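Please read the following report alongside the sequence and the coordinates. It moves from the loops to the sheet, and then to the helix and the pocket.

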Amino acid sequence: MIGGLTWPEDGNPCFVCLLQRKSQKVEETLEEPTSVIEIVKELEFPGLIQMLDAIFKESKVDALYAPMDLKYASFVSDFNRWRREHLPSLHLKAARISSFEAGVLKIREMLSDKQLKFKDDSIVKSQLRIFSKVSLKNEKDFYAVSALTNVISVFRTPHREIESKSPLLSAWY
């Protein structure tokens, strides 16, 4: 299980959404088995240490993806200090998305392909419902969506193999 993390800033809480890839069985889809990214759990706390203590209780979290800009250096330092004392196996990795807008577009694509699954009481889902084009300028106000954008690019969309036909040698003569 991996997560997307937003740092507590501008009066917004620290937020983590934990994701896991799950495969649907052939019996459920009646077609080829499909893979779905499920938001397993969402955690929201006013401070980073409270958040990390809650993550400590989740036994299967391997990595968190977050912005690693210089302005977040104190948060990264606090994370590393906490990790050394409590959970050395938890890794903090840089978010792999080029921009908030790119992450939102990836989320929209995955939603239209039915590759992303939310719980009914999801904060991310509720923030996406009120999201508009103007919201792209207010990333910090959509902290839950931002957390998801930090991790969503780790999951690649599976591509189906395209059948390649061998060229007919008789066409050359």
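## Two loop residues with positive phi

Asp10 is located in the loop that connects strand 1 with strand 2 (14-23). In this predicted model, the phi angle of Asp10 is near 55°, a positive value in a residue other than glycine. Most residues other than glycine have a negative phi. Asp10 counts as exposed, because its relative accessibility is 59% and the cut-off for that class is over 50%.

Lys114 belongs to the loop between helix 4 (100-112) and strand 6, and its phi, likewise positive in a residue other than glycine, is near 55°. With a relative accessible area of 70%, Lys114 is exposed.

## The sheet and its edges

The strands form an open sheet of six members in the order 5-4-1-2-3-6, and the pairing within that sheet is mixed. Strand 5 and strand 6 (116-117) stand at the edges, where each has a single partner strand, so one side of each is left without a neighbour in the sheet.

Ile39 lies in strand 3 (residues 35-45) and counts as buried, because its relative accessibility of 2% falls under the 20% cut-off. Although Ile39 and Lys117 are 78 residues apart along the chain, their C-alpha atoms are separated by 6.3 Å.

Between strand 4 and strand 5 the chain passes through helix 3 (residues 73-86), in a β-α-β crossover that is right-handed.

## Cysteines

The count of disulfides in the model comes to zero. Cys14 is buried, with a relative accessible area of 0%, and Cys17 is also buried, with a relative accessible area of 0%.

Helix 6 (residues 143-152) is mostly covered, and 10 of its 10 residues are buried. Among them are Tyr143, Ala144, Val145, Ser146, Leu148, Asn150 and Ile152.

Rolling a probe the size of a water molecule over the atoms shows where empty space is left. The largest pocket holds about 340 Å³ of space and has a lining of 23 residues, of which Pro67, Tyr72, Glu139, Ser146 and Asn150 lie nearest its centre. Which element gives the most to this lining? It is helix 6, with four residues. When the lining is divided by class, 11 residues are nonpolar, seven are polar and five are charged.

Definitions and conventions
Residues numbered from 1 in each chain as written. Predicted model: local features only at pLDDT ≥ 70, side-chain atom pairs only at ≥ 80, totals over all residues. Heavy atoms only, no water. Buried < 20%, exposed > 50% of the residue type's maximum accessible area, 1.4 Å probe, protein only. 1 Å grid on protein atoms, 1.4 Å probe; cavity = no way out; pocket = protein on both sides within 12 Å on 5 of 7 lines; lining within 4 Å. Points joined across faces, edges and corners; volume = space filled by probe spheres on them. Nonpolar A, V, L, I, M, F, W, Y, C, P; charged D, E, K, R; others polar. Right-handed = clockwise from strand over helix to strand, strands pointing away. Disulfide = S-S within 2.5 Å. Pairing = 2+ DSSP bridges.
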